[in-house]
Amino acid sequence: MSGLEQLYQQIILDHARRRVGAGLKEAEAGHAWGESHQHNPICGDEIRLRVETDGNTIARISWEGNGCSISMASASALVELAQGEDRGTFTDMLEEFRETMRSRGTREGDEELLGDAAAFSGVSRFPARVKCAMLAWVAAEGALLAAAPGDAA
Amino acid sequence: MVPVLPAPTTTRNAVPALDDAEVLRIRNDFPILSRDINGAPLVYLDSGATSQKPQCVLEAEQHFYERYNAAVHRGAHSLAVEATDVFEDARETVARFVNAGADELVWTSNATEALNLVAYSFSNASAGRGGAAAERFRLGPGDEIVVTELEHHANLIPWQELAFRTGATLRYIPVSADGALRMDLAADIVGPRTRVLAFAHVSNVLGTLNDVGALVALARSVGALTVLDACQSVPHLPVDVKALDVDFLAFSGHKMLGPTGIGALYGRRELLNAMPPFLTGGSMITTVTMERAEFLPAPTRFEAGTQRISQAVALAAAASYLSEIGMDRIAAWEEHLGQRMAAGLAQLPGIRLLGPPAGTGRIGTATIEVEGVHPHDVGQFLDSRGVAVRVGHHCAQPLHRALGVSASTRASTYLYNTTADVDAFLDAVSGVRGFFGAQA
C-alpha cells in the first residue's frame with residue numbers, strides 16, 4: 001500500500017461520506033448531557049460534539065463539524081463505536097486510540113476494542129494529521145466529563 | 001492536456017525573457033530542488049510561504065562566519081570594523097534593491113516585526129514619547145486606522161491592538177465576493193479622521209495586486225500615513241519605494257531567497273527620525289543615565305541589541321542574485337506560469353480558482369477550492385505526488401470568510417519553477433476528486 005492509501009483507507013473514506021451522528025441533536029428527556037467544541041487553528045477543523053448519557057451508558061453522540069476527511073471520518077467512526085458503551089469502556093477505547101495516534105506508526109490499534117477506528121492507525125505516520133484524527137475524541141472526552149449525572153433536563 | 005500559452009519573448013531592457021531552459025540552469029543553484037519527496041521529484045509550489053535558497057546565499061552566510069564574524073557597531077578591533085562594513089554593505093545592497101536610502105532601511109526579524117515596529121512606535125508616541133517631533137504619530141479617540149479585509153494577520157492584528165491601546169477606531173476597506181478590493185468604497189472609508197492606511201501590495205492568498213497608486217493618493221489627500229505590506233511583492237516584482245510613494249514598507253527575507261530571521265522596514269527618513277523607538281536597549285543610544293536615555297538617529301535607533309548579521313549578509317546575497325537575473329524578467333516568467341496554471345485549472349471540473357477574474361494583475365499564484373474535498377486532503381494528495389503547496393487559511397481568516405470558504409489550497413511559483421512544475425501540479429489536482437470519491 002502506498003503511504004497515501006495507508007492514510008486514506010477505504011473505511012476512512014466511507015466514514016467521511018457517511019458521517020454517522022452528524023447533526024446536533026437535542027438531548028432526550030431523562031438523559032444527562034455535555035458538549036464540547038474543539039477547533040484546530042492550524043487548519044480550521046472544527047467540531048461541536050454532544051454526548052448524552054443514561055446512567056453509566058453513553059446513550060447517544062451527535063455532532064456538527066467542518067474539516068478534512070480524517071477529522072470527519074474519525075467523528076463518524078467514534079459515534080458508531082462508542083454509542084451504547086459504558087463510560088469505563090469508552091475510556092479504554094480513548095486510551096487505545098490516543099496511544100495508537102501517538103505511536104508514529106509503530107503501533108496498530110486493537111481492532112477488537114476500536115472497530116473501524118483501528119483503520120486510523122496509519123494516520124500516526126503523518127504527525128501533521130494526528131490532530132485531525134484526535135479532534136472528535138478530545139471533544140467526546142470533554143463532553144462526557146461535562147455530562148455529569150444529575151444534569152438531566 | 002494543458003493549453004500551452006506562448007512564453008513572454010522580450011522584456012523592457014531587451015534581455016531575453018526567462019524560458020524553461022534558463023530556469024533549468026537556475027534550478028542548479030538550488031540544492032534542495034533536486035530532492036525526491038515520497039518517491040517523486042520535488043515540485044515546490046509553496047514559495048509564497050517561504051522560498052528556497054540558492055547556493056550563493058548559503059555560502060554568504062557561511063563565509064561571514066568563516067571570515068568576518070564579530071560584533072558590529074561596537075569594539076575597535078579590526079575584525080569588528082570589517083564585520084561592521086560587511087553588515088552596512090548588506091544594508092546598502094538591500095536598500096538599493098527597493099530604491100531606498102541605506103539610512104531608511106531598518107533590519108527586523110521578519111515583516112511581522114517590521115509592521116509591529118511601526119504600530120508600537122506610534123503607540124509609544126501616543127503615550128507621549130518622542131516629544132513634539134512625534135506629534136504626528138499620536139493617536140487617540142476619534143482617530144481612525146484603516147486596513148483592508150484581505151490583509152495577512154500580520155498587517156491586521158498590530159493595528160487592532162494599536163487601536164485598543166490608543167482608543168482609535170479600526171476601519172477596513174472590504175472585498176467583494178471574489179476577493180477584489182472594493183475601491184469604489186475606499187473614498188468613503190478613508191477620510192479626514194484617517195491617520196494611518198495600512199494595506200498589502202499583493203494579497204498573500206490570491207496573489208492579486210492592489211492599486212497602490214490610488215490608495216496612496218487617497219491617503220495623501222487626507223494627510224494619512226501609508227504602510228505597505230510588501231511581503232508578496234518584493235520577492236516577485238520590481239519594487240521601488242520612491243515610485244510607490246509610500247511612507248513605510250515591510251518585507252521579509254526568507255520569501256526572497258534569503259534566510260529566515262531577517263526582514264526589513266523601509267521608512268521615509270524624516271519619519272523614522274521623528275519616531276520614538278520600539279525595542280530599546282544596547283546599541284541604539286547616545287547617552288544613558290540612570291534616569292533616561294538619548295537615542296541614535298534611524299536606522300540604528302530601531303536596532304536594539306545584537307543584530308542578525310549573518311542573515312543580513314545572506315539576504316544581500318539573495319538581493320544581488322535576484323538583481324542579476326532581473327526582477328522584471330522574474331515577474332514576467334511568473335506571470336506566464338500563473339496564466340498557465342489559471343488556464344489549466346479552468347479545464348478541470350469541480351475546481352474553482354479563487355479571486356477576481358482574469359485581467360486583474362497577479363503574481364504567479366493560484367489558489368483553489370476543490371469541490372467536495374477539504375484543502376487539507378487536497379494538500380496531502382498533492383504531497384504524495386511530490387507537489388508541495390500550502391493549505392489552510394494562510395493567515396488571512398477574514399478574507400477566507402469573505403470568499404465563503406474556511407480554507408483553500410495555494411500554489412505559488414517563483415523564478416525556479418518550470419512549466420513542467422505547473423503541469424505536474426495540474427496533473428495532480430486533476431486526480432484529487434476521483435481519489436476522494438467527490439466526482440459526480
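Reply: What follows describes the interface of chain A and chain B, with a short note on other local features at the end.

This is a predicted model, in which local features need pLDDT of at least 70 and side-chain atom pairs count only at pLDDT 80 or more, while totals for chains, interfaces and linings use all residues; side-chain values use heavy atoms, with hydrogens and water left out. Residues are numbered from 1 along each chain as its sequence is written, and chains are lettered from A and ligands numbered from 1 in the order in which they are written.

On the side of chain A, 18 residues are in contact with 12 residues of chain B, contact meaning heavy atoms within 4.5 Å. The two chains bury about 1200 Å² between them, and 57% of this is on carbon and sulfur atoms. Buried area here is the accessible area (1.4 Å probe) that two parts lose on being put together, summed over both. Within chain A, the residues that lose the most area to chain B are A:Leu4, A:Tyr8 and A:Cys43, which together make up 36% of what that side buries.

One salt bridge is counted between chain A and chain B. The term stands for a side-chain nitrogen of Lys or Arg within 4 Å of a carboxyl oxygen of Asp or Glu. A:Arg129 forms a salt bridge with B:Asp377, and their closest N and O atoms are 2.9 Å apart.

Four elements of chain A give two or more residues to the side that touches chain B: helix 1 (3-7), helix 2 (10-18), helix 3 (69-82) and helix 6 (127-146). Helices (H or I, at least four residues) and strands (E, at least two) are DSSP runs, numbered from the N terminus. Helix 6 of chain A gives the most to this side, with three residues. By type, the residues of chain A that touch chain B divide into 12 nonpolar, three polar and three charged. In this division Ala, Val, Leu, Ile, Met, Phe, Trp, Tyr, Cys and Pro count as nonpolar, Asp, Glu, Lys and Arg as charged, and the others, Gly among them, as polar.

Two backbone features complete the account. A:Arg104 has a phi near 50 degrees, a positive value in a residue other than glycine; A:Arg104 lies in the loop between helix 4 (87-101) and helix 5 (111-114) of chain A. In chain B, the peptide bond from B:Ala298 to B:Pro299 is cis, with omega near 0 degrees. B:Pro299 is placed in the loop between strand 12 (293-295) and helix 10 (309-325) of chain B.
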